[in-house]
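Biologist: I would like to learn how to read a protein model. Please take one feature at a time.

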Amino acid sequence: MSEPPPNLRLDAFAGLADDYVHYRVPYPRELLDGLLAEARPPVGARLLDLACGPGRVALAIADRFADVWAVDQEPGMVDAGRREAARLGARNVRWIVGRAEDLEAPAGHFDLITIGEAFHRLDRPRVARLAFGWLKPRGALVTMGCTGFAAGDAPWQCIAAGVVRDFVGEPARRLGAPNTTPGDELADQEQEIRDAGFEGVISRHFTAPHEWTVEALLGNARSNSTLSPRALGERHADFEAALTGALLAYDPAGRYREALGCGYTFARRP
């Protein structure tokens with residue numbers, strides 16, 4: 001198998017946990033409430049959060065479950081998740097270091113499996129098949145994600161997108177397939193989930209107002225596998241200077257508003 005693009009390598013998030021915890025935007029409550037209403041987890045339900053990072057999904061909904069498994073291949077992310085769980089008093093989360101593709105879990109054990117902003121990084125057909133086996137009958141698989149800060153059409157986002165292109169071009173957006181349109185990539189994801197045996201596959205979309213500061217945008221970029229110090233190397237300081245300068249030239253007050261786009265794809269095991 002050929003070497004994956006740098007931003008999709010297994011170690012792409014090494015050392016990024018602190019910025020991820022502090023600068024990734026939480027999933028909108030409307031999105032989380034929507035997927036839980038659709039999944040309808042019973043009393044005593046079990047959750048598996050794959051490629052969990054520091055628990056951005058797992059910790060946000062852990063109170064709805066009796067038992068939570070949170071799995072990520074990056075030890076630093078798992079350590080950060082444990083610290084966040086302790087801070088929040090979430091004692092029902094079992095943290096596991098490992099790849100989603102290699103997890104050993106009981107068949108028919110979980111009521112809900114979530115994958116937040118990571119399905120594109122995984123062996124999607126394999127993980128979808130594994131998830132099907134790990135779910136109870138009528139259990140649900142949910143993949144979710146949000147658009148990046150440079151993906152919108154607000155004037156400042158177009159400026160930021162230009163700086164990003166200058167430094168990284170157009171990075172690969174999914175493992176094992178070329179970039180196409182976001183709509184085609186979503187359709188491919190839905191089909192891979194159907195091919196694993198799931199039914200009722202549907203995608204939902206949400207927007208939520210959000211205001212950034214320059215500091216938060218730089219921190220968010222550092223948490224990103226394409227724009228982190230690890231990814232950019234010696235060019236990272238130049239990138240942060242260029243992005244800061246471009247943003248402040250547009251709005252010296254340093255406040256940047258957007259309608260943050262998020263969504264999830266929901267599927268149920270028969």
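Biologist: Are Phe13 and Tyr20 buried or exposed?

Modeller: Buried means under 20% relative accessible area, exposed over 50%, and partly exposed in between, with a 1.4 Å probe and protein chains only. Phe13 is buried, and Tyr20 is too. A note on the source: this is a predicted model, in which local features need pLDDT of at least 70 and side-chain atom pairs count only at pLDDT 80 or more, while totals for chains, interfaces and linings use all residues. Residues are numbered from 1 along each chain as its sequence is written, and side-chain values use heavy atoms, with hydrogens and water left out.

Biologist: How many aromatic pairs does the structure hold?

Modeller: Rings of Phe, Tyr and Trp (its six-membered ring) pair if their centres lie within 6.5 Å; planes under 30 degrees apart count as stacked, over 60 as edge-to-face and the rest as tilted. The structure holds seven aromatic pairs. One of them joins Phe13 and Tyr20, edge-to-face, at 6.2 Å centre to centre with 70° between the planes. Another is formed by Phe167 and Phe239: the ring centres are 5.4 Å apart and the planes at 80°, so this pair is edge-to-face. Phe167 in helix 6 and Phe239 in helix 10 are 72 residues apart, so to speak of the pair is to speak of a link between distant parts of the chain. Phe167 is buried at a relative accessible area of 17%, and Phe239 is buried at 1%.

Biologist: What is the strand order of the open sheet?

Modeller: Strands of a sheet pair through backbone hydrogen bonds, either parallel or antiparallel. Helices (H or I, at least four residues) and strands (E, at least two) are DSSP runs, numbered from the N terminus, and two strands pair if DSSP finds at least two bridges between them. Here seven strands form an open sheet in the order 3-2-1-4-5-7-6, with mixed pairing. Strand 3 (93–97) and strand 6 stand at the edges with a single partner strand each, so one side of each has no neighbour in the sheet. From one strand to the next the twist averages 20°.

Biologist: Which strands pair with strand 4?

Modeller: Strand 1 (residues 46–50) pairs with strand 4 in the parallel sense over four bridges, and Leu47 has Leu112 as its bridge partner. Strand 5 (residues 135–146) also runs parallel to strand 4, joined by six bridges, with Phe110 opposite Leu135. Between strand 4 and strand 5 the chain passes through helix 5 (residues 124–134), and this β-α-β crossover is right-handed. Right-handed means that, with the strands pointing away from the viewer, the path from the first strand over the helix to the second runs clockwise.

Biologist: How many residues of strand 4 are buried?

Modeller: Seven of the seven residues of strand 4 (residues 110–116) are buried, so the rest of the structure largely encloses this strand.

Biologist: How many residues of helix 8 are buried, and what covers them?

Modeller: In helix 8 (residues 214–222), eight of the nine residues are buried, so this helix is largely enclosed by the rest of the structure. Among them are Val214, Leu217 and Arg222. Contact means heavy atoms within 4.5 Å. The cover includes helix 1 (17–23), helix 6 (155–168), strand 6 (199–213), helix 9 (229–232), helix 10 (236–250) and strand 7 (255–268).

Definitions and conventions
Axes are lines fitted to C-alpha atoms, for helices over the stretch in contact, and angles run from 0 to 180 degrees between N-to-C directions.
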